[in-house]
Amino acid sequence: MIRESSIRRAASLLGLLTLLVPPLVLAQAPAFPFSAEARTHFDVPYVPTPQVTVDEMLRLGGVGPGDFILDLGSGDGRIVVTAAQKFGARGMGVDLDPHLIYQSEERARAAGVEDRAKFVQQDLFKTDLRQATVITMYLLPGVVRKLRPHLLALKPGTRIVSHDFDLEDWKPDRMTTIRKNVMLWIVPAPVAGRWQVRVPLPPIERQLELELTQRYQEIGAHSRLNGIPAQVWEPKIEGERISFVVVDSSDRENEATLYFSGRVDGDIMEGEVVQGVGASRVTSRWRAVRAPR
Amino acid sequence: MSGARAIMAGALFALSTVAPAASPAASPDVPTPYLPSTSVAVDEMLRVASVAPGDLVADLGSGDGRVVIAAARDYGARGLGIELDPRLVEESRANARKAGVTDRVEFREGDVLTADYRDATVVTLYLLPNLVERLKPRLLAMKPGTRIVAHDYGFSEWKPDRRVVISKTYLLYVVPAQVGGRWRLRAELPDGPREYDFELKQSYQEIKGGAQAGNGYLPAFEARLEGDRISFVMVDDSASYRFEGRAVSSLEMEGVVRTGLGRDLTESRWRATRILREGPTDRES
């Protein structure tokens with residue numbers, strides 16, 4: 001208890017200093033002199049992320065030339081520089097320590113990527129997260145807890161990569177363990193609510209009323225197909241992509257499985273619906289509109 | 001005391017009435033009752049197995065032949081049905097004629113426990129748990145990569161590679177290659193070849209292990225096996241090496257190893273030859 005609250009207080013006292021703090025620090029946290037003087041990084045040992053882990057974070061994040069990486073607590077800048085150097089991505093690192101910012105800029109110049117790898121001395125909570133397609137971080141649980149709602153509100157499909165520290169009850173979409181745990185989260189589109197779905201599949205146009213509940217990327221669904229309750233199976237969301245399955249049992253002799261997949265764009269969802277399999281498969285478009293809340 | 005006894009008696013009564021009917025092992029003369037799969041279930045089994053024109057789909061306990069006929073008619077695959085009940089075999093053949101797929105399907109009267117379906121690339125089954133369990137050793141010994149789809153009841157211990165729930169539960173198992181044991185692994189890395197004593201422990205499709213190198217033990221991270229395809233990652237000298245390949249036989253594996261990222265990515269070959277064979281994977285080795 002004492003340890004937990006000390007860490008939280010430390011986080012706030014340190015102005016949410018976003019250094020690359022090793023797990024070692026967590027274990028030793030209570031011994032640290034958490035006083036008002038401990039505002040600077042100089043009291044916190046800085047240990048860089050191993051290059052193998054940096055590589056794995058960028059690989060799992062699916063970083064490519066079109067991406068903009070935002071590294072929260074960028075340390076010596078190795079993540080942003082690696083992303084620029086090896087993937088041709090652009091990026092920005094934020095850190096509170098002016099010395100580390102200077103070191104990062106030197107590193108970017110040495111790698112010849114200073115035009116694509118920028119470093120800024122600022123608080124991560126004052127940083128505009130929306131410019132990023134990929135956010136990398138290595139932050140203490142207390143900071144993550146405060147940051148989480150901001151991450152969840154980002155553009156659907158934004159990728160978040162962390163190592164060692166997770167986002168607590170927001171489960172990662174993927175995880176690999178190569179020496180360290182590296183986790184990927186994909187910001188899910190907000191889909192909770194009631195949706196009216198038009199399914200113009202021959203022979204009749206079906207009306208699907210879809211009610212979705214959501215907790216991060218986990219969704220629950222209920223539906224009525226032409227007014228008759230129909231169960232929704234395998235509902236999934238990844239970024240803005242959604243998929244689910246409805247079994248149409250209105251014709252008892254001739255049940256049909258409808259496979260929906262599509263994209264969410266605000267209060268509209270659109271995509272493809274497939275009925276049947278193999279040679280008897282029929283494909284059509286579907287469109288859904290969210291009922292005003 | 002008497003309450004406990006009453007519960008015990010109740011439990012025994014329940015067992016004595018239910019168990020024999022539901023368990024072919026306890027009473028070998030009682031076959032699995034024939035419950036035709038719905039068309040939704042037939043579709044889903046074939047979809048989960050990713051049936052394609054080159055496949056031979058064997059349905060164990062093929063009933064009126066609907067799974068086999070759908071595989072031939074809707075997917076252009078070939079089909080083989082094994083069914084104990086001769087009347088259902090006749091009915092299947094008639095159904096195949098009606099569907100116009102007689103040239104691509106075959107129905108045999110026989111016991112699923114002894115029938116020969118070793119050429120099948122896909123096996124579908126909708127059988128009671130006890131029978132599914134008795135089929136396990138034979139199915140596990142099929143060619144690596146063979147896809148097995150069980151409906152409702154799966155195997156004990158052998159975890160499905162994929163599980164789909166659409167009204168019913170469909171379990172996909174991919175027969176894993178036997179890769180447990182000791183290997184001599186040689187990787188032709190950009191900075192010269194490297195050789196390792198590589199050891200894998202296997203329990204069904206789950207594998208773990210690592211390499212003995214000059215500078216210590218290198219664990220294989222993210223080790224995966226699907227059919228004959230194997231992948232793992234080794235970390236040495238601050239670089240990770242991503243191995244991907246296949247077991248070409250029970251004695252050989254080969255593939256590519258990637259290191260570096262993005263623009264610095266390099267690809268080279270690796271090959272492994274078996275040093276010593278381990279026991280069957282049924283036992284946790």
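**Exercise 1. Determine how strand 13 of chain B and strand 14 of chain B pair, and over how many bridges.**

Solution. In this predicted model, strand 13 of chain B and strand 14 of chain B run antiparallel and pair over eight bridges; strands count as paired if DSSP finds at least two bridges between them, and the strands themselves are DSSP runs of E with at least two residues, numbered from the N terminus. Next, take one bridge as an example: Ile230(B) has Gly245(B) as its bridge partner in strand 14 of chain B. Finally, look at the turn, where two residues stand between the strands of the hairpin and Asp237(B) adopts a positive phi near 45 degrees.

Residues are numbered from 1 along each chain as its sequence is written, and chains are lettered from A in the order in which they are written. Local features need pLDDT of at least 70, side-chain atom pairs count only at pLDDT 80 or more, while totals for chains, interfaces and linings use all residues, and side-chain values use heavy atoms, with hydrogens and water left out.

**Exercise 2. Find how many bridges join strand 14 of chain B to strand 15 of chain B.**

Solution. Strand 15 of chain B covers residues 252–259, and seven bridges join it to strand 14 of chain B in an antiparallel arrangement. One of the partners to locate is Met253(B) in strand 15 of chain B, which is bridged to Ala247(B). The hairpin between strand 14 of chain B and strand 15 of chain B passes through four residues.

**Exercise 3. Classify the ring pair of Phe232(B) and Phe243(B).**

Solution. Begin with the geometry: the centres of Phe232(B) and Phe243(B) are 4.7 Å apart with 15 degrees between the planes, and the pair is stacked (rings of Phe, Tyr and Trp, the last by its six-membered ring, pair if their centres lie within 6.5 Å, and planes under 30 degrees apart count as stacked, over 60 as edge-to-face and the rest as tilted). Then place the residues: Phe232(B) lies in strand 13 (residues 229–236) of chain B and Phe243(B) in strand 14 (residues 239–247) of chain B, so the pair ties together parts 11 residues apart in sequence. Last, consider accessibility, where buried means under 20% relative accessible area, with a 1.4 Å probe and protein chains only: Phe232(B) counts as buried at 1%, and Phe243(B) counts as buried at 3%.

**Exercise 4. State which residues ring pairs link into a cluster in chain B.**

Solution. The cluster consists of Phe155(B), Trp158(B), Tyr173(B) and Tyr204(B), linked by ring pairs.

Terms used: Buried means under 20% relative accessible area, exposed over 50%, partly exposed in between (1.4 Å probe, protein chains only).
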